[in-house]
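Trainee: I would like to understand the words used for this structure. Can we take them one at a time?

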Amino acid sequence: MSRRRSGPTTQGPSPTESKWLGRAERLLARLVGAELAEAILGDLQELRPTVEARRGKAASWLWLALEIVGGAATLAAQRLRPAGGRQEEKQSMDNWSAKFRRAAAAIGLVACMPAAVLVTGGLLQSDWSTPALRSALERTLFNPDLLGFRVLIHPATVLSGLLLAAGLNLIPLLRVGVERRPGTLVGTLALRIRAAHLGVALLAVGLLGVILSYSFVENYEVVPTHVDGQRSGQVEGAIMSRSLPSGERLILQAYTFIESPGTEMLPFHLGDGGWRYGATRSADGTWHIVPTPPARGD
Amino acid sequence: MSRPKPPEVLSRIEEILLLAVWELGEEAYGVPIRRRVEELFGRRLSVGSVYVPLDRMALAGLLSAEFGPPTAVRGGRRKRYYRLTAKGIAALRQTRRLSRRIWAGKPALLQGIHSPRK
């Protein structure tokens, strides 16, 4: 196209403006590729003097900035949207550079650390650990007086770190596809194998699974709501203590007995040599805890 | 033997962009194309509304794209010139034919009568 004329030659932008435009061009290049970004920014720069003549220099630069920001948003949205239903569009969840992806993996790994410390500390504090180790953990990690450790293993720190790590590292792994077929829209989700992101994402999801499983098991409690198919009444009590035949003292912090039709006593065992305890109601309506000794041969 | 694929039907913005490129001839690059399309639409268009369809049509072979020389007024950036290809012309004609078929037999609508014929 040698016969095409070049544009008019006027004074170019200042070094600061050139630097700013260079950054804008790099942003657009990520969205639409380097060649189209060059053409778009060149066109906007060519139009800017016209705007400057009408509205002044500051307004013209503001116009240029708004065009770039608005344009970048539209370009990003249009690239994600299938074109007119004629073709299949596959889009990675990320448009990140290799450098940014490495940073995401590193940030994810660091964000997993509080949860890793909490889980490891919990395991080392269990029964099979040594007393010295348990004592050391009590003095440091699980010491409520040490603010640093308290913040480190605070639920908010642990959970937000895991969610951040999982989010940052699942995005580069996922690829979303949308295909418009007559009368329907088909979506696909594909997983790419990127070792660093996959490792960090699995670590985050695994730690989250361990913490949630532990919380569930630790707080799991079966509460009977029906006895013999029908619940007709219940009694609740506060602290009650008795001496057990073994010489130990039994203290019930709280209890609930449920009365069912045809039964006044609902026995339960406490593992103290076969003794059973139940509730019975006296004539004045007061409920009592009654221990029953083990039957011979038990 | 499979039948040859018919030319594709263009969206309205694609049709207008291709016509603007044809009208502008040798000077069909971003700035005048956008200006012409804005004149036709009667409102301002965003950067993406013009450049994404242009790029898509260039990829589809409806347009050819070629860079011109860098210019100072553009900060040393090159213009991207577009030219209508034979495939683009066929798509325009196909779109025109379809438009005529759609409008055929509806003169009442063109005359300002809005209710459908009984």
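**Terms set against values**

Mentor: H1(B) passes H2(B) in a right-handed crossing; a crossing is right-handed if the near helix is turned clockwise from the far one by less than a right angle, and left-handed if anticlockwise. This is a predicted model, where local features need pLDDT of at least 70, side-chain atom pairs count only at pLDDT 80 or more, and totals for chains, interfaces and linings use all residues. Residues are numbered from 1 along each chain as its sequence is written, while chains are lettered from A and ligands numbered from 1 in the order in which they are written.

Trainee: What makes H1(B) oblique to H2(B)?

Mentor: The axes of helix H1 (residues 12-24) of chain B and helix H2 (residues 30-41) of chain B cross at roughly 120 degrees and come within 9 Å. Angles under 35 degrees count as roughly parallel, over 145 as roughly antiparallel, 65 to 115 as roughly perpendicular and the rest as oblique. That makes H1(B) oblique to H2(B).

Trainee: Which residues of H1(B) and H2(B) make the contact?

Mentor: Among them are Ile16(B) and Leu17(B) of H1(B), and Pro32(B) and Ile33(B) of H2(B). Two residues are in contact if their C-beta atoms, placed from the backbone, lie within 7 Å. The residues of this contact of H1(B) with H2(B) divide into nine nonpolar, no polar and two charged. Ala, Val, Leu, Ile, Met, Phe, Trp, Tyr, Cys and Pro count as nonpolar, Asp, Glu, Lys and Arg as charged, and the others, Gly among them, as polar.

Trainee: Why are H7(A) and H8(A) called roughly antiparallel?

Mentor: Helix H7 (residues 155-170) of chain A and helix H8 (residues 195-219) of chain A pack at an angle of about 150 degrees, with axes 8 Å apart. H7(A) and H8(A) are therefore roughly antiparallel to each other. H7(A) passes H8(A) in a left-handed crossing.

Trainee: How do you know that the length of H3(B) agrees with its number of residues?

Mentor: The expected span is 1.5 Å times one less than the number of residues. Helix H3 (residues 47-60) of chain B has 14 residues, so the span should be 20 Å; the end C-alpha atoms are 20 Å apart, which agrees.

Trainee: Which residues of H3(B) are buried?

Mentor: They include Val47(B), Tyr51(B) and Met57(B). A residue is buried if 20 or more other C-beta atoms lie within 10 Å of its own, exposed if 12 or fewer, and partly exposed in between. In chain A, buried residues make up 16% of the 298 residues.

Note on methods. Helix = DSSP H or I, 4+ residues; strand = E, 2+ residues; numbered from the N terminus. Axes fitted to C-alpha atoms, helices over the stretch in contact; angles between N-to-C directions.
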